[in-house]
Amino acid sequence: MATYGAMPRLPGDDKRWKIVNGTMRKNGFARHALIETLHTVQSSFGYLDDEAIRFVALSLHVPLSQAYGAATFYHYFSLKPPGKHTMTICSGTACYIKGTDRLIADAEKRLGIAQGQTTGDGNISLMTARCVGACGRAPVMLADGELTGQVTSEQLIEQLERWSVE
Amino acid sequence: MNLEELEQIADTLREENRRFDHEINVCMGTGCLSQHSDRLKDELTNAVTAAGKNALVRRTGCMGLCAAGPLVLIDPQETLYQHVQARHAQSIAESLGAEPVAALQCNLREHFEEQVHVVLENSGHIDPEKIDDYIARDGYKALVKALTEMTPGEVIHEITESGLRGRGGGGYPTGLKWSTVAKAAGDAKYVICNGDEGDPGAFMDRSVLESDPQRVLEGMAIAAYAVGASKGYVYVRAEYPLAVSRLNASLREARRRGLLGTNICNTQFSFDIEIRLGAGAFVCGEETALIASIEGMRGTPRPRPPYPAVAGLWGRPTLINNVETFANIAPILRKGGKWFAALGTEKSKGTKVFALTGKIANTGLVEVPMGITLRQITESIGGGVPGGHKLKAVQTGGPSGGCIPADMLDIEVSYESLVQAGSMMGSGGMIVMDDTSCMVNVARFFVEFCMTESCGKCIPCRAGTAQMFTLLTRICNGTAAMADLDRLVDLCGTVKETSLCGLGQTAPNPVLSTLRYFKDEYIEHIVHKRCPAGVCTMQHSAAEVMA
């Protein structure tokens, strides 16, 4: 059973755990560093798994329920590993007015998955975003984080195909 | 640091810049960067050297006109080039000191002439990561003046006199908020900058943080001095990586110059700022939810009172203002509250930054004096609706606001008049819709947003928005009856009156405003199973198909 008080050991030799620990140390292992630390886990590992949430909760002396609560409450955190590539299509208001639902439907059809899912081979994740703040260039897609504005269905499908044949 | 030292830094940089015959400012805001303006800047640097010109090539923040990006501004001639690609670098470099490259020139005079830049005065003119650029344009003069020549009471008086109201949307008088926090008893107080710009379709705060971050830090430091705080937080969306990295760089620079830290300007005043990343929850724009999030918890709001001004972060008196509000502080102290109060209308002073997007020619960021009409913004500044379509409505206030129809474009932009029209000022999203937009579908879009973003703490919002969404979906796909419309109106009233926080209380607004002005579209969907804009797909019952 988990006991609060003693610092838990790093879950493994992976150097990334030291980065995670570094964020907590920088904040004096204070409870309020929970979200900051989850951000570090996600940026280091790409997602939050049970082991990571447990490690952070024990280190910060935060109940597991609170850590899991925060991890699931905030949309930015993902509990599933992302695909090798991630296509994010913005669905903010400006993009919606410029026809982003068409783009999403076309991408879903091309990949055979729904938004929020990853292809069976783990190659491509299809995500939507609640506004990336590039509304002046709507509609907008982020291909592995790289932003393209005034995007057409053809450009989107082309990008997905480039990833598929890699 | 004192005023003389500040002036010396400014003079040194101005002297350095005078050595150049030309300044080439390259926009590296998110919009232009997405079109590789970083590579363009490198190309321009090389081309200037190759052409043997004596020019400074500078990275700047947003120049506003995202639709025409990448943008390049040549000073001192003030020549603005649009849609500039790397292949144009050579001709631009060679044209320096001679005739400008006519094919690239942006001649949207009207777009810029009707704007008044206070918050955006430095955007597009300074390197956002160089504090000396900011100082050379009178940056930090206001803070040094406040610390060395003014009492906290005098600072608050100046802000009160300016008539500045909160730019996050609510419009609460800033001076009054500051004086409440100043009067609150407590051994520690906090200043928080709300940069959780969750309104989809708005990017004012992102742009200010990316283009002129020091202005926000200076505003926060002045506020901290005025209310007696020694610690500040900037809460900014993790979805804005460029804003976060520029903020981080700016914090380091400000500490290095001794403008943040202990005993600033050799006074008793100490103040430092930390960044806290949001994690994609719209409700965290609500102040008590934002505080919960900084404390490391789920971002759920709590009932007020007590207001954060009395019991906020860790139970201590806390001042929360929006990015744009803080960005207005330094110019007010520099030029005086009276100067600011002379801008705008009787009750809405100063300027407002809007993110002008949607079906409009000149999409981008604009800053206009309060009291300007929506028509001036959409027609003169925005350049009208492209493609021969007709403007149908202007949406302001995001998911909390409403749609103002085309025949009301002559109303002025002020907190009061927008509320009267069934919308609200909001944080500054302004989305233009034309005859290809279905207003019922737009209402459904916003309600879906509020439904997914509802934190779930109170039932009216959690269950009410879900039921509203179901009803709107039925109307959109042609399976609703007229009685559903009554149910929808009734439900809107309940959600508005009984929700805990602003998210739920305002979630019905997009529905109510479209019902007020576009009821015929609702009826068309329900009675004739037809979407006038051709957006919604109708489901026909088997009986109808047979007939």
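Guide: Let's begin with Pro70(B), which sits in the loop between β2 and β3 of chain B. Helices (H or I, at least four residues) and strands (E, at least two) are DSSP runs, numbered from the N terminus. This is a predicted model: local features need pLDDT of at least 70, side-chain atom pairs count only at pLDDT 80 or more, and totals for chains, interfaces and linings use all residues. Residues are numbered from 1 along each chain as its sequence is written, while chains are lettered from A and ligands numbered from 1 in the order in which they are written.

Visitor: What makes the peptide bond from Gly69(B) to Pro70(B) cis?

Guide: Its omega is near -10°. Pro306(B) belongs to the loop between α13 (287–294) and β8 (318–322) of chain B.

Visitor: What is the predictor's confidence in chain B?

Guide: pLDDT is the predictor's confidence in each residue, from 0 to 100. Chain B has a mean pLDDT of 95, and 99% of its residues reach 70 or more. For the complex, the predictor gives an ipTM of 0.92 and a pTM of 0.95.

Visitor: Why is α18(B) called roughly antiparallel to α19(B)?

Guide: Helix α18 (residues 439–453) and helix α19 (residues 459–476) of chain B pack at about 155°, their axes 9 Å apart. Axes are lines fitted to C-alpha atoms, for helices over the stretch in contact, and angles run from 0 to 180 degrees between N-to-C directions. Angles under 35 degrees count as roughly parallel, over 145 as roughly antiparallel, 65 to 115 as roughly perpendicular and the rest as oblique. The angle of about 155° therefore makes α18(B) roughly antiparallel to α19(B).

Visitor: Is the crossing of α18(B) and α19(B) left-handed or right-handed?

Guide: The crossing of these two helices, α18(B) and α19(B), is left-handed. That name applies if the near helix is turned anticlockwise from the far one by less than a right angle, and right-handed if clockwise.

Visitor: Which residues in α18(B) meet which in α19(B)?

Guide: Contact is called when C-beta atoms, placed from the backbone, lie within 7 Å. On the α18(B) side, the residues include Val440(B), Ala443(B), Val447(B) and Met451(B). Among those they meet in α19(B) are Met468(B), Phe469(B) and Leu472(B). The residues of the contact of α18(B) with α19(B) divide into eleven nonpolar, three polar and two charged. (Ala, Val, Leu, Ile, Met, Phe, Trp, Tyr, Cys and Pro count as nonpolar, Asp, Glu, Lys and Arg as charged, and the others, Gly among them, as polar.)

Visitor: Why are α1(A) and α2(A) called roughly antiparallel?

Guide: Helix α1 (residues 16–26) of chain A packs against α2(A) at an angle of about 160°, with the axes 9 Å apart. The pair is therefore roughly antiparallel. α1(A) passes α2(A) in a right-handed crossing. Among the residues that meet are Ile19(A), Val20(A) and Thr23(A) in α1(A), and Thr37(A), Val41(A) and Phe45(A) in α2(A). The residues of this contact divide into five nonpolar, four polar and two charged.

Visitor: What makes β2 and β4 of chain B edge strands?

Guide: They belong to an open sheet of four strands in the order β2-β1-β3-β4 (chain B), with mixed pairing. Both β2 (55–60) and β4 (79–81) pair on one side only. Neighbouring strands of this sheet are turned by 20° against each other on average, direction ignored.

Visitor: Over how many bridges do β3 and β4 of chain B pair?

Guide: β3 (residues 72–75) of chain B and β4(B) pair in the antiparallel sense over three bridges, and two strands count as paired if DSSP finds at least two between them. Val72(B) stands opposite Tyr81(B) in β4(B).

Visitor: Which order do the strands of the five-stranded sheet have?

Guide: This open sheet runs β10-β9-β13-β11-β12 (chain B), again with mixed pairing. Its edge strands are β10 (364–369) and β12 (402–405) of chain B. β11 (residues 391–396) and β13 (residues 429–434) of chain B pair in the antiparallel sense over five bridges. Thr396(B) has Met430(B) in β13(B) as its bridge partner.

Visitor: How many residues does each chain give to the contact between chain A and chain B?

Guide: Chain A gives 33 residues and chain B gives 36 residues. On the side of chain A that touches chain B, the elements that give two or more residues are α2 (34–45), α4 (64–73), α5 (93–97) and β4 (146–148) of chain A.

Terms used
Contact = placed C-beta atoms within 7 Å.
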